[in-house]
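Subject: Structure handover

Hello,

Here is the structure I said I would pass on. My notes on it follow below.

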Amino acid sequence: MLESYLQDTWATPAATDDAADVRDAVTGETVCRVSSAGLDLAGAFDHARRVGGPALGEATFHQRADLLDALAAAVRARREELYALSARAGATPVDARYDVDGGIRVLRDYATRARTELPDAPHLIEGPAERLARGDDFLGVHLCTPSPGLMLQVNAFNFPVWAPLEKLAQAVLAGLPSVVKPATPTAYLTEHLVRIITDAGALPPGALQLVVGSVRPALDLLGEQDVLSFTGSAATAETLRTHPHLVSRSVRFNSEADSVNAIVLAPDVRPGSPLFAAFVREVVTEMTVKAGQKCTAIRRVLVPREHEAAALDAISAELAGVVIGNPAAEGVRMGAVVSLAQRDDVRRAARRIAESGRFVHGDPDKVRVVDADPEQGAFLDTLLISVDPDASAPHEVEPFGPAASVLAYRDTAHAADLIARGRGSLAASLVSDDLTWTTAFVRRAAPWHGRLHLLDATNMDQTTGHGSPLPALRHGGPGRAGGGSEMGGVRGVLDLMQRTALQASRRLLESLGENSKAA
């Protein structure tokens, strides 16, 4: 039975028949069992607020940055262990580095930002003082202070290392202790991550706790100073957003939900051109990295009607060369999805989308794999679907796996309408060398997206890719994507703090603001 880490001690859940079996995505063998039965969640929350919060809150931003550096060093020193465990979740070495090394980079990035952009003080006074009266001695500023609460992380299965570290980086800098609840299918990876951190003594007591299994009863333990940071499905986000206790106590809720992200090929990009090839690479990469199990992955591929056949042929040709199988086998580029249940979900979603079109590449029921049993492991073929662009399914249904739909648009107005039918997405890519077209399209697309990735001939060899959230930029999106926001540099830290307007004399503000203004 997988253990939880509560009140600075590893805790075994009570014996129960309701524990969930977690299986190896490649072999189907049981990896562990997961349950939170009998765990003292109330005690854990109290410990976070009473012990972890003061330890972090009394430290300065620069001291908290030192903690992030210690975290990064601890994880980096033992990252090979996380790589090896990631293979059990179907991840290739590339996938594992994307998750593990990506988390380390976020920690280091935020440590550097804290030292260069935040003061060596526990709190921050934002901007110059505003004069509020005729004289010069009644002024106003905004003060950002740590909240005396906690962050409850409820994370998705696809990034069991990056997600908790990304949220932890911002929470630590904000002086907020964290209780991490990983998704069951990859809970063993997050559990090992927390063991690495606790073995190294990288954080003060109470700053980090782990609950393996359900935290549903714990939602009623959250209060006004707490943050519920959720990553997962739009359906679950809707349930949490309307939870009676969370609503009545005005618990801060941040949601990063699934979305049907798109890439749009502009009319000026001709088949056979280098930019067209870059477009194809983006689509194939997003379909195959992490077996398409990324919240930012491309699900809708919008192409001009006159280039539809060329796009389908080019993408299919690239997908045909993708070797699928055991991540440990030589030459394998794509592993399994996380579980048999996830495989079945993707199959159902892809079939529903294909009702208004056809499978151009791949068969949802058959796949050739290397060094693995295709029935015991959660393997899928790469699925490319040509669909009616005006059908509802491709804009509403997300196959959270190696699947994408190609939609041929009539003109730019039609493309702008189609991209908005996703009702809000985390990311979209626009591929064009026509500055006039891109500028106009950005204005239409921006309100529906948290991030726009604009690809042209001048940056196509430098891009970090459509699906890669970066610490400097906001991660989140409107509407269906959850309406939340993470990262975005120090904005992500200050969003977790209490911002209070102060009206006071100049001398009081000068006393309070000594060493507490941004660098």
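Predicted model: local features only at pLDDT ≥ 70, side-chain atom pairs only at ≥ 80, totals over all residues.

**A helix across the sheet**

The strands under discussion belong to an open sheet of seven, with mixed pairing, in the order β14-β15-β16-β13-β12-β17-β18. The edges are taken by β14 (357–361) and β18 (449–455); each has a single partner strand, so one side of each is left without a neighbour in the sheet. From one strand to the next, the twist averages 25°.

Strands of a sheet pair through backbone hydrogen bonds, in either a parallel or an antiparallel manner. For β14 and strand β15 (residues 383–387) the sense is antiparallel, and the pairing runs over four bridges. Within this pair, F359 stands opposite I385 in β15.

**A helix pair**

Two packed helices are described by the angle between their axes and the distance between those axes. Helix α3 (residues 79–88) packs against helix α4 (residues 93–117) at an angle of about 145°, and their axes are 9 Å apart. The crossing of α3 past α4 is right-handed. On the α3 side the contact is made by R79, L82, Y83 and S86, and on the α4 side by A96, R97, V100, D101 and I104. By class, that contact has five nonpolar, one polar and three charged residues.

The largest pocket holds about 1100 Å³ of space. It is lined by 38 residues, and the closest to its centre are F230, T231, G232, S233 and T236. At least two lining residues come from each of β10 (227–232), α7 (234–241), β11 (252–257) and α11 (340–354). The lining of the largest pocket divides into 16 nonpolar, 12 polar and 10 charged residues.

The second largest pocket has about 350 Å³ of space. Of its 23 lining residues, Y98, G102, W162, S468 and P469 are the closest to the centre. The elements that give two or more residues to this lining are α4 and α5 (162–173). Helix α4 gives the most, with five residues. By class, the lining of the second largest pocket has 10 nonpolar, eight polar and five charged residues.

Regards

Key: Residues numbered from 1 in each chain as written. Heavy atoms only, no water. Pairing = 2+ DSSP bridges. Axes fitted to C-alpha atoms, helices over the stretch in contact; angles between N-to-C directions. Left-handed = near helix turned anticlockwise from the far one by under 90°. Contact = heavy atoms within 4.5 Å. Nonpolar A, V, L, I, M, F, W, Y, C, P; charged D, E, K, R; others polar. 1 Å grid on protein atoms, 1.4 Å probe; cavity = no way out; pocket = protein on both sides within 12 Å on 5 of 7 lines; lining within 4 Å. Points joined across faces, edges and corners; volume = space filled by probe spheres on them.
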